Amino acid sequence: MPERIAGYLRGIGHQVVGGLWRLGYASRFFALTLLRSAVSFRRFHLVMRELYFAGVLSLIIIVVSGLFVGMVLGLQGYETLQKYGASDAVGTLVALSLTRELGPVVAALLFASRAGSAMTAEIGLMKATEQISAMEMMAVDPIARVVGPRFWGGLISMPLLAAIFSAVGVFGGYLIAVVMIGVDAGAFWSQMQNAVDLRQDIVNGVIKSVVFGVAVTAIALFEGYDAPPTAEGVSGATTRTVVTSSLAILGLDFVLTALMFTGV
Amino acid sequence: MPAGLIELAAFPPRPPMENLVEIKDVNFSYDVRPVLKGINLTVPRGKIVAIMGLSGCGKTTLLRLIGGTLRASSGSVEVAGRVMGELGQGDLYAMRRRMGMLFQFGALFTDMSVFDNVAFQMREHTRLPDSMIQDLVLMKLHAVGLRGAQHMMPSELSGGMARRVALARAIALDPMLIMYDEPFTGLDPISMGVISNLMRSLNDALGATSIVVTHDVQESLKLVDYVYFMADGAVVTHGTPDDIRKSDAPFVHQFVWGEMDGPLPFHYPGAAYARDLEVGPAGA
């Protein structure tokens, strides 16, 4: 019996030490990515390429999702607000929901699924097919040449995508509330304009999306770089990217919301 | 006297050493599992040296030690008189710029064309104008017979073509040392012959030195000047290709002639056959 307990404790210890080691390795990787970012800025065309792959190619999913989320908000908001005779405030509800929460969070979740998983798979496959090793043997630092531009490309893309998501969402809400249901357009826009504060709502939303961009991109790049060089390894790393990023986004959203909107 | 000349007079260039690579008493382990045990090996300048042995015997690890991507647990790996394990990142990268490596399946950058793959190192390490890079890349591709494929993507190439492009990329900066990791794996006989001829002609034309890690015996013995034979992380024998062909060491004989049974048994060790089948006295 004591042996079983010792074995159990040893297993827990092993897991904890392994987790701490991986956390340290990830932190070192992140620090190296930042330290070796000079290449990304000196040769900005490398970042532009990643902006295209992470940002431009994510536009369709962001625009379509934003439109539907805005339309759903318009429908649900009108349904609830009309009970209290406040259906004109549907524009405010749509805009605040999107700029404060849904824009950054849903855009980041979509970004993690679409661009984050693609980054992990691409770097994991580069490792599996020895492209990363080949780069090292050619005296080219893969963190500076491969990881850095992707990190900055993802970081710049994320707030832009979140802003587009929110803008399209507001348009979706307008289509439902004003065009389909018949809420007064003047009331829709003017109430929104009065209620949405640049510093409190828009800037905080942008800050959230930047933080999510850092988290998602760093997780995706680390998982790809750390993936075992096998088909199974890359597949596992891609799954971990989506799961870990999603949890990180939701956890960070709670912390940021607490700090920004309740003064905790 | 200009300052630069004083410096040169104070540090006259050393005469080139006879051996480009010298490996002395090298041991290497992954965690606690020993991979290389007391390896001693030299690669003379201008020669093509093969390192042969079964899969997993430590050949590729040895190549990575020479390239400086791994560090020996003990002993020293010297390339051109520099101990690879003692170099900082800057010196290590400077040394690697003078090396070329052909990976097992080419390791071409899949998001770049054939031209861009070969131009990669020139763009990363030199400030040559585009027109000169264009000429140099076409010369390298011409040397491997693939100038006409410059616009193709790696996914459009056959295995043999990919290996030739990778070879053109490996010699892009005219390296002093070219390393080949299983260059013949998965190639048809014609491609194998082409790669083999290119390895010899490029080595001689560039005045380079080559190390070939392989388990393709017959093709390698036609190509190389000297062979080191490895088994279980140690060098078991070495000699010229003729010495290896004539060797009566049981393991070398089995390996060179592809014999089914020998020191390396056909059957993986296990329980007695009769016992597994539950027949005979043990199973009754």
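This is a predicted model: local features need pLDDT of at least 70, side-chain atom pairs count only at pLDDT 80 or more; totals for chains, interfaces and linings use all residues.
Let me begin with a definition: a residue is called buried if 20 or more other C-beta atoms lie within 10 Å of its own, exposed if 12 or fewer, and partly exposed in between.

Is E259(B) buried, exposed or partly exposed? It has 13 C-beta neighbours inside 10 Å, and therefore counts as partly exposed. E259(B) is placed in the loop between α10 (250-256) and α11 (273-277) of chain B. As for its relation to C57(B), the two residues are separated by 202 residues in sequence, and their C-alpha atoms are 18 Å apart in space.

I turn to chain B as a whole. Chain B contains 12 helices and 10 strands. Its C-alpha trace spans about 90 × 50 × 35 Å along the principal axes. Of the 284 residues in chain B, 36% are buried. Among the contacts in chain B with a separation of 6 or more, 63% come from residues 24 or more positions apart.

The average pLDDT of chain A is 93, and 99% of its residues score at least 70. Which elements of chain A have the lowest and the highest mean pLDDT? The lowest, 86, belongs to helix α2 (residues 38-42), and the highest, 96, to helix α7 (residues 142-181).

Two packed helices are described by the angle between their axes and the distance between the axes. For helix α3 (residues 44-55) of chain A and α7(A), the axes come within 8 Å and cross at roughly 50°. That angle makes α3(A) oblique to α7(A), and the crossing is right-handed. On the α3(A) side, the contacting residues include L46(A), E50(A) and A54(A); on the α7(A) side, among them are W152(A), I156(A) and L160(A).

Finally, I consider helix α5 (residues 90-128) of chain A. Where does α5(A) bend? The bend, of about 55°, is at L98(A). Why is α5(A) described as largely enclosed by the rest of the structure? The reason is that 31 of its 39 residues are buried. After α5(A) comes E130(A), whose phi is positive, near 65°.

Note on methods:
Residues are numbered from 1 along each chain as its sequence is written. Chains are lettered from A and ligands numbered from 1 in the order in which they are written. Helices (H or I, at least four residues) and strands (E, at least two) are DSSP runs, numbered from the N terminus. The bend at a residue is the angle between axes fitted to the seven residues ending there and the seven starting there. pLDDT is the predictor's confidence in each residue, from 0 to 100. Axes are lines fitted to C-alpha atoms, for helices over the stretch in contact, and angles run from 0 to 180 degrees between N-to-C directions. Angles under 35 degrees count as roughly parallel, over 145 as roughly antiparallel, 65 to 115 as roughly perpendicular and the rest as oblique. A crossing is left-handed if the near helix is turned anticlockwise from the far one by less than a right angle, and right-handed if clockwise. Two residues are in contact if their C-beta atoms, placed from the backbone, lie within 7 Å.
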